[in-house]
Structure formats: structure tokens, C-alpha cells
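Please read them beside the sequence and the coordinates.

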Amino acid sequence: MPRAKSPRRPPSVNHPPFDEVADISKHVIVKDEFLGDVTGDLGGWVLANVAGTGSVAIQAATAGQVGVVRLSSGSTSSNESSLILSNADTLVLPAGDNDPVYVAFALSLPLITSVEVTVGLFDSGTAAGRGTNSVCLEFDASVNAFWQPVVVDGSSATAPTVDADEQVLATAGLVLVEISAHADACEFWVNRQFVATVTGADIPDAEGLQPAVKVATETGSARSVDVDAFILRQSVTRVG
């Protein structure tokens, strides 16, 4: 009886089966759908309190959303808490001639009154708001009705004027926040709408950063933000 032929190997058998996006020698891609517990699939998210005592709690799944955790501040005005990845400053923005870091969060705001939400890359989970070094988008209900891009380097900040036709109003419910950043320029989107490009000396070009979401209350009751999903992509050099 003839012997069955072995399946042919694909022509690319001598080459890694990675493409330009997924090649582990060229990029790090970190994703979290928060399907595990309050520390997410990655297990590295840390609750950090700026003021007061906040909390993180798993939320019930709904149609179209799976894996949601709720970050809440304390219940006294100016209480603030953050959910930060590892709380270790391990990411440095690449030079301008390299691929930018891309970071995105899918969030949901239960309330948009008397609240401040800041999301992006920060050097600390225990520094208030935008902190000392950061690349972030912030919604501060006491200042603006829209999402404001900000970069901070050593407490020197640039918060550019956002053109009226590029302002994205904060609303209760889902919001997608995206940031693309390197040492020379940072670009910001909210709900797929381009908001602004920020350049200049206030970009934290040599400081360690980490992805984080922060929420603060501006009243005598707690405020929250629901974190649905997260992704980060950065070019790396692992082999010569």
C-alpha cells in the first residue's frame, strides 16, 4: 500500500511567520480586554490613590462589551485615584525619526458632572491629574466641556487651543481615546476624530512613562470611569 505523503511545508518554512506588525523582534504589542479580575488579563494593573481611597471593581458584562472594570475615586471633593500599568516607569518615547508609541483606551463615563478624567501615559499613578510628566487627554468638567490634549515635561505643560470644529464634547457613555507619540510630536484622537498635534519642549522625551487612567471627583460624592479595553504598540530593537 503506498505510503501517504507528508504535508508539504509552506514555502516560508525557513522564515518566521510574522508580519511587519506582529514581529516580536520589531514591536511590542500589549492588549487587555479586562476579562480576568480587577488587574485585567495582564495582571499588572495597580490601583494608586492620589487623595482619598478609591476602588476598582468588575462590572457585569453587557451586549457588545465584555470585561469591564470600574475605577472610582473616594467620596470627598478632590479625591483622586488611578489605574496604572505596573506603576513602573518603563516606557520612554522614541526619537522623532522612529515609529511613535500608540496607546488607546476604550472607556465609559457614567457621569460627566463634577468629574475630572485623565488618560494616557504618565510617570506616576500617585501624582494629581496630568502629573509631572505625561502625554494625555483630559476632561475636566470645571474647565472645558470637551477632551483637552496635554503634554507635560517636568511640570511645564502645553495644552493647545483646540479648534472648535475639532473639539470632541465629553458625553456619558462610551469614548475611544487614542494617542500616537514620539519625542518630537504627539497626536490625539477621540472617537476616531482628530483633535490636535502637539510639538515643542514640553513633550516628556526622556522620562519613563506608563499607561494609566485617572479619575477625580469635584463634589462630595465619588466619581467613576469604566475601563473596557486597552492597547499599546511600540517599536523595539531586540536583535542586531
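Where is the place of R192? R192 sits in the loop between strand 12 (185-190) and strand 13 (193-199), where strands are DSSP runs of E with at least two residues, numbered from the N terminus.

1. Basis of the note. This is a predicted model, in which local features need pLDDT of at least 70 and side-chain atom pairs count only at pLDDT 80 or more, while totals for chains, interfaces and linings use all residues. Residues are numbered from 1 along each chain as its sequence is written, and side-chain values use heavy atoms, with hydrogens and water left out.

2. R192 has a positive phi of about 70° although it is not a glycine, and R192 is exposed, with a relative accessible area of 62% (buried means under 20% relative accessible area, exposed over 50%, and partly exposed in between, with a 1.4 Å probe and protein chains only). The side chain of R192 also meets that of E178 in a salt bridge, at 3.0 Å from N to O (a salt bridge is a side-chain nitrogen of Lys or Arg within 4 Å of a carboxyl oxygen of Asp or Glu). Because E178 lies in strand 11 (residues 173-181) and R192 in the loop between strand 12 and strand 13, the pair ties together parts that are 14 residues apart in sequence. E178, for its part, is buried, with a relative accessible area of 6%.

3. The other salt bridges. D226 is buried at a relative accessible area of 10%, whereas R70 is partly exposed at 27%. Another is formed by R130 with E138, whose closest N and O atoms are 2.5 Å apart; here R130 is partly exposed, with a relative accessible area of 28%, and E138 counts as buried at 8% relative accessibility.

4. S155. A positive phi is also found at S155, where the angle is about 75° although the residue is not a glycine. S155 belongs to the loop between strand 9 (148-153) and strand 10 (156-158), and S155 is exposed, with a relative accessible area of 53%.

5. Cysteines. How many disulfides does the rule give? The count comes to zero disulfides, a disulfide being a pair of cysteine sulfur atoms within 2.5 Å. C136 is in no disulfide, and the nearest cysteine sulfur, that of C186, is 9.9 Å away; likewise, C186 is in no disulfide, with the sulfur of C136 as its nearest cysteine sulfur. C136 is buried, with a relative accessible area of 0%, and C186 is buried with a relative accessible area of 0%.

6. Rolling a probe the size of a water molecule over the atoms shows where empty space is left. On a 1 Å grid over the protein atoms alone, a cavity is a set of points where a 1.4 Å probe fits but cannot get out, and a pocket is an open set with protein on both sides within 12 Å along at least five of seven lines; lining residues have an atom within 4 Å of a point. Points are joined across faces, edges and corners, and a volume is the space filled by probe spheres set on them. The largest pocket has a volume of about 170 Å³, and its lining includes V28, V30, L85, Q210, F230 and Q234. Strand 1 (27-32), strand 14 (210-217) and strand 15 (224-235) each supply at least two residues of this lining, and strand 15 gives the most, with three residues. The lining divides into seven nonpolar, four polar and no charged residues (Ala, Val, Leu, Ile, Met, Phe, Trp, Tyr, Cys and Pro count as nonpolar, Asp, Glu, Lys and Arg as charged, and the others, Gly among them, as polar).

7. The cavity. The structure holds one cavity of 30 Å³ or more, and the largest cavity has a volume of about 40 Å³. The largest cavity is lined by W147, L169, A170, T171, L174, V175 and N191, which by class are five nonpolar, two polar and no charged residues.

Notes: Helix = DSSP H or I, 4+ residues; strand = E, 2+ residues; numbered from the N terminus.
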